[in-house]
Amino acid sequence: MLRPRLLSGVLARWTGGADRLQSSRNFGVSNFLLKKADDSEQEEQKQVVAKSIFDMKEKNKNSYIDMVRKYNERNVLKRGHVEFIYAAMKHMDEFGVSKDLEVYKALIGIFPKGKMIPRNLFQEAFQHYPKHQQCATDILEKMEQNGVIPDMEVEVMLTNVFGKTGHPVRKFMRMYYWMPKFNNLSPWPLPKPVPDDPFELAKLALQRITSVDLLTKINTFDSKDLEDSLDKTWILSAQSPLQKEILGRLPSDQPLYVEGAFKIWLRSECVQYFVLRGKPKPYQPRPTMDEIDDVSNLKSPYIDEEAAEKTLEPLRTVHEQAEGTIIAIAATGTSSKDSLLSWIRFLQKTNPPLDRIPVLFSMTSPFGQVVPVNDSAGNQGQRLSD
């Protein structure tokens, strides 16, 4: 039998422990709620700080690098450097530094040196400091997307931060091997950087499209030279002598179609162009035989001229496709219907058959998806009319 005093003491301990447990639970829940509120406040503060840092009057390379340098000087303990790097990467396009290797080196230089190098096999296998390694990998991926080829200094910087076996170093090795190989493989090289002038971009686009015919000539027109034109803009027209010859052979009862706009991408720049298309050239019907094994009436195309005309067909040119015959290609400064009408009028001066052939504007095309055309206003800017 337990004594009453002992029993009352045990019960007091149990109830007191339960009360303490309940109070600790309540205290833990309140701490959790307070912690969530603090985290949300910290995130808001980070966003406010990030916005205040990147809100500058002059946004260029020098101001961007100065901002990163000041962060390194003030934040000696590197607190929140991963969040700062992501925020800096988000604003690279605003500062116009997304294709500059020196800027990426400045971002990699924010990571602390030596602290995140793995010391044993377990740390190497389980990705030591995964958040920081992923951040450095995202920097390299952004470099890859913008066509920035890293150099050996980037490898030294990454090795000093993550060691030779880190995932960012492996990513660098793949980029350093493959990117120089693919850098100059394109048969249509483009200048670096791509020009901002819409006229020059349209000229590069037409040169790329018409490279299948080396005799193609690109002419420049100004709609100011036409009295009835509404849009005062530039017009680039590409046509070869072979296309003029094909146009002369087309019947006058079959209309031509102006189709577009189609899109072509020159790196990150988009250019719209239009096509003057005729109906596809019909194939000659092949002679049918009632019986395949019947050899009683064989004719050789090398001896019999009639058999040669029926069985042999002249080769099609590169402009005579299955979807249609391409007569000319153009790009205008406004990509409007009035500028296309001016283009047709300019073509009539150098192509007399267009006077007898009707030309229609089509909103669809067998070549692919078509971008809607405006009645007026400019999509690609103006140059000659300035």
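**Close-up views of a predicted model**

R249 counts as exposed, at 51% relative accessibility (exposed means over 50% relative accessible area, buried under 20%, partly exposed in between; 1.4 Å probe, protein chains only). This is a predicted model in which local features need pLDDT of at least 70 and side-chain atom pairs count only at pLDDT 80 or more, while totals for chains, interfaces and linings use all residues. Residues are numbered from 1 along each chain as its sequence is written, and side-chain values use heavy atoms, without hydrogens and water.

**View 1. Salt bridges of R249.** A salt bridge is a side-chain nitrogen of Lys or Arg within 4 Å of a carboxyl oxygen of Asp or Glu. R249 pairs with E245, the closest N and O atoms being 3.3 Å apart; both lie in helix 11 (residues 241–249), four residues apart. Helices (H or I, at least four residues) and strands (E, at least two) are DSSP runs, numbered from the N terminus. R249 also pairs with E320, at 3.9 Å between the closest N and O atoms. E320 lies in the loop between helix 12 (305–311) and strand 5, so this pair ties together parts 71 residues apart in sequence. E320 is buried, with a relative accessible area of 9%.

**View 2. The salt bridge between E153 and K105.** The closest N and O atoms are 2.8 Å apart. E153 lies in helix 8 (residues 152–162) and K105 in helix 5 (residues 101–108), so the pair ties together parts 48 residues apart in sequence. E153 is partly exposed at 45%, whereas K105 is buried at 16% relative accessibility.
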